[in-house]
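Hi there,

Here is the structure I promised to pass on to you. My notes on what turned up in it follow below.

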Amino acid sequence: MKELVIFDLDGTLTNTSYDICDNVNLALKHFGYDEITLGETVKFVGNGAKKLVERALKGQKPDNFDEILAYYNLKYNYCGSPKTYVYPGMKEVIQKLKKSGYKCVIASNKPQAGTDEVCKQFFPDIQFDYVFGQREGIKVKPCRESIDFILKEVGVSPENAVFVGDSEVDALTYINAGIDGISVLWGYRSKEELEGVGATRFAESAEELYRMILAL
């Protein structure tokens, strides 16, 4: 039995793509740039807000990029997430894991303030053992730094942890960190994309994910 389950947030626990799209477009429109589609948004997410905004600008490199990024972060972090929802069964999976003695942690490339807001709003009854969002001084996923930081904070060795995510970024993260991982298939990437970066374990439902975690 593992001791720790590390969950990605966007595309794994929650579908945040609609609210991300709306608020990226608010920023783009505010600064005079063309808006992007929901499909483009889904392709652009995964590497943090800075990379998301860079991709949304489609090769344009404005001098006021930092201002555009800050505007997006402000709008998104405190938008109230009206279109976001928890994927079916995922809240129950975390609750069952906690009752069984697992530590449960969030590891997101979303900025810390936005990560905290989403957790507070959509998981008010769950006491995560740690909530990690993008912050200064620690490289975002797929770099292993966030995972190493989390393992140290919660006092768990790599062999006793499993990472659950939906994207190629997440798969590369658990591979780079040398821990077991499970890729879910209801998020923002296809099985073929995940296999392309080395993922080998896949869950098609929350219940299947729960059984796979218990079996590790």
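The buried residues of helix H8 pack against strand S4 (103-111), helix H7 (145-154), strand S6 (161-165) and strand S7 (180-184). Please keep in mind that this is a predicted model. Within H8 (residues 168-177), the buried positions are Val169, Asp170, Ala171, Thr173, Tyr174 and Ala177. At the start of this helix, a side-chain oxygen of Ser167 comes to within 3.2 Å of the backbone nitrogen of Val169. Just after H8, Gly178 adopts a positive phi of about 70°.

Next, have a look at Lys2, which sits in the segment before strand S1 (4-7). Is Lys2 buried or exposed? Its relative accessibility is 8%, and the cut-off for buried is under 20%, so Lys2 counts as buried.

Now the rings. There are eight aromatic pairs in the model. Phe31 and Tyr71 have ring centres 5.5 Å apart and planes at 85°, so this pair is edge-to-face. It links distant parts of the chain, 40 residues apart: Phe31 is in the loop between helix H1 (17-30) and helix H2 (38-44), while Tyr71 belongs to helix H4 (residues 65-77). Tyr85, Tyr87 and Trp186 make up one aromatic cluster. Finally, Lys96 lies over the face of Tyr210, 4.1 Å from the ring centre.

Best wishes

Key
Residues numbered from 1 in each chain as written. Predicted model: local features only at pLDDT ≥ 70, side-chain atom pairs only at ≥ 80, totals over all residues. Heavy atoms only, no water. Phe/Tyr/Trp six-rings, centres within 6.5 Å; stacked < 30°, edge-to-face > 60°. Helix = DSSP H or I, 4+ residues; strand = E, 2+ residues; numbered from the N terminus. Lys NZ or Arg CZ within 6 Å of the ring centre and 35° of its normal. Buried < 20%, exposed > 50% of the residue type's maximum accessible area, 1.4 Å probe, protein only. Contact = heavy atoms within 4.5 Å. Polar contact = N/O pair within 3.5 Å; in protein donor to acceptor, adjacent residues only side chain to side chain.
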